[in-house]
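Please keep the sequence and the coordinates at hand while reading.

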Amino acid sequence: MVVGFAIVAAWELVTAAGVIGFRRPIYNALALVGNMLGLAVLFLMLNAQFLFAAQVIVYAGAVMVLFVFIIALMNPVSDVTLGPARGSEWIYGIVFGVIFAALLGVLLVNQGLTGRPGPFTPEVINAVGNVQSVGTALYTRFLFPVEVTSVLLLIAAVGAVYLAMRRIR
Amino acid sequence: MTTEVVVETLIKTVIVIFGLLTGFAYLTLFERKVQARLQQRPGPNRVGPWGLLQPAADGLKLFFKSSSTPSGRDRFLYLLAPLISVCAALSSFAIIPISGPGPLRLFGHSIGWYVMNVNIGVLWYLAVTSVGVFGIFLAGYASNSKYSLLGALRSSAQMISYEMALGLSLVPVFILAGSLRLVDIVNAQHTWWFIIPLLPAFFLYLVAGIAETNRAPFDLPEAETELVAGYHTEYSGMRFALFFMAEYINMIIVSSIATIVFLGGWWGPFGILPGPWWFVLKVIVLLYVYVWLRATLPRMRYDRLMALGWKSLFPLSLAMMMVTAVVVVAAEGTL
């Protein structure tokens, strides 16, 4: 288990470096796909099979295919000038880097590396089934947030249709 | 995760891959033979008795053919694309149970006729196919050819659109069976196959499945009248064969899932024939429908294909899901 985690963690680091490291946008996007697939494998190793499937279907499948679509259609290679970072870019980079490191540090100090065990241990989940326990939690205890999120997504979809229609007219 | 589980899974994986590749080879012969008969021709009959060695001859030919490649290609992605397609197609068969736990015993327990029986079941298939889209899309992108790119765009748009209808048309089955595990779904159909209460969902699944595998009459991505051969225009030899393989294996998988969720999997009437034979028989019948449709129907226009997916199949499968949910809850008396 530890060996598996080490392999996947290394894969995550390499692909994350690839997301910002490659020179051609399509490779950046594909590195992000690889990163999301690795994250899905981590979910799988934590016994969260449903999250694995959702992660692959929604992020690696649907969202990233659209990213790759846009990159292939726009072909932004010619628009991007990649050189060493300039003055203002250094400042932004350092500010956000420090904020991110501080957040990670707070998490590490408060929770430790193993996290905090909740009520959903692998035994409890395997007794009812993974999909069943996620479904029950979503549609009973977290019903209100789920509905609010779905309305939010609906608004986004209606807005996208409106924008597309306006351009046709 | 003991060594026994790993060994058992590895053995099963090798068997499944071997079986799928043989199935692919003979599916091409099956398609050519059936189509020929439907058009009143004899079909391939020179290589071996009844043309039975034709797939081997085709394989040898493709293997020894020189692979020409476009000069402006993206070298890495051009090689990666067919591998993604084939790996996605092969690995989605892992969840399909050909029969329940059989009489064969190994490591002290009964061995099931499936590679894995996971809780997420069909979601595995949906996840793997959504990654498989990348194979087709990258093939079109990396070939540096307008036909390939157009074919790839069409194909990915079509697969993403129809995946919605495909997934939603299976939801009524999950509601009735109360599980996503394919073995549980088949066992729930011991008395009544789900095709009887869920006939509309079966047709929705069948149409969405044909579109998902890019087959006629929805084979717009490789419409030879306008796009030469679509996303695999610039592929030849063994690399072309890999795409060909992925498409046919996907046909086998869509038919297998239809057999399992709607046609009762390995259960057959009257107790004649053992389970696996029923499974194979039902899959062959569905594959015949695929070939029959290809020989019968003309290709659809692209905008109509998208309209059919989003304006008909998608709302219909949503409606089917809601009706099933209401009926099941009402029947349980909790409404």
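G59(B) counts as partly exposed because 16 C-beta neighbours lie inside 10 Å, where a residue is called buried if 20 or more other C-beta atoms, placed from the backbone, lie within 10 Å of its own, exposed if 12 or fewer, and partly exposed in between. This glycine is placed in helix α2 of chain B, helices being DSSP runs of H or I with at least four residues and strands runs of E with at least two, numbered from the N terminus. Between the C-alpha atoms of G59(B) and Q39(B), which are 20 residues apart along the chain, the separation is 25 Å. The model is predicted, so that local features need pLDDT of at least 70 and side-chain atom pairs count only at pLDDT 80 or more, while totals for chains, interfaces and linings use all residues. Residues are numbered from 1 along each chain as its sequence is written, and chains are lettered from A and ligands numbered from 1 in the order in which they are written.

Q40(B) sits in the loop between α1 (3-38) and α2 (54-64) of chain B, and with 6 other C-beta atoms within 10 Å it is exposed. Its phi is positive, about 60°, although Q40(B) is not a glycine. For context, most residues other than glycine have a negative phi. In the other chain, G21(A) belongs to helix α1 (residues 2-21) of chain A and is exposed, having 12 other C-beta atoms within 10 Å. G21(A) and L32(A), 11 residues apart in sequence, are 11 Å apart in space when taken C-alpha to C-alpha.

## A buried methionine in chain B

M245(B) is part of helix α9 (residues 237-261) of chain B, and it counts as buried because it has 22 C-beta neighbours inside 10 Å. Once its neighbours within four places in sequence are left aside, M245(B) is in contact with F24(B) and V86(B), a contact meaning that the C-beta atoms of two residues, placed from the backbone, lie within 7 Å. M245(B) and A89(B) are 156 residues apart in sequence, yet their C-alpha atoms are 8.6 Å apart in space.

## Chain B as a whole

Chain B has 11 helices and 2 strands, and from the N terminus on its elements run α-α-α-β-β-α-α-α-α-α-α-α-α. A compact globule of 335 residues would have a radius of gyration near 20 Å, and the 21 Å of chain B agrees with that; the radius is taken over C-alpha atoms, and the globule rule is 2.2 Å times the number of residues to the power 0.38. The C-alpha trace spans about 65 × 50 × 45 Å along its principal axes.

Of the 335 residues of chain B, 44% count as buried. Among the contacts in chain B between residues at least 6 apart in sequence, 78% join residues at least 24 apart.

## Chain A and its helix pair

Chain A has 7 helices and 0 strands, and buried residues make up 17% of its 169 residues. For contacts in chain A with a separation of 6 or more, residues 24 or more positions apart account for 50%. The domain assignment, which is automatic or taken from a database, gives domain 1 (1-79), domain 2 (87-116) and domain 3 (125-169). The centres of domain 1 and domain 3 of chain A, taken over C-alpha atoms, are separated by 23 Å.

Helix α2 (residues 25-45) and helix α3 (residues 49-74) of chain A have axes that come within 8 Å and cross at roughly 175°, where axes are lines fitted to C-alpha atoms over the stretch in contact and angles run from 0 to 180 degrees between N-to-C directions. That angle makes α2(A) roughly antiparallel to α3(A), a label given to angles over 145 degrees, with under 35 called roughly parallel, 65 to 115 roughly perpendicular and the rest oblique. Residues that make the contact include L32(A), M36(A) and F43(A) of α2(A) and F52(A), Y59(A) and F67(A) of α3(A). The residues of this contact divide into 21 nonpolar, 2 polar and no charged, with Ala, Val, Leu, Ile, Met, Phe, Trp, Tyr, Cys and Pro counted as nonpolar, Asp, Glu, Lys and Arg as charged, and the others, Gly among them, as polar.

## Where the chains meet

Contacts between the chains involve 17 residues of chain B and 17 residues of chain A. On the side of chain B that touches chain A, the elements giving two or more residues are α4 (122-142) and α5 (146-177) of chain B. The largest share of that side, 10 residues, comes from α4(B). The residues of the side of chain B that touches chain A divide into 14 nonpolar, 3 polar and no charged.
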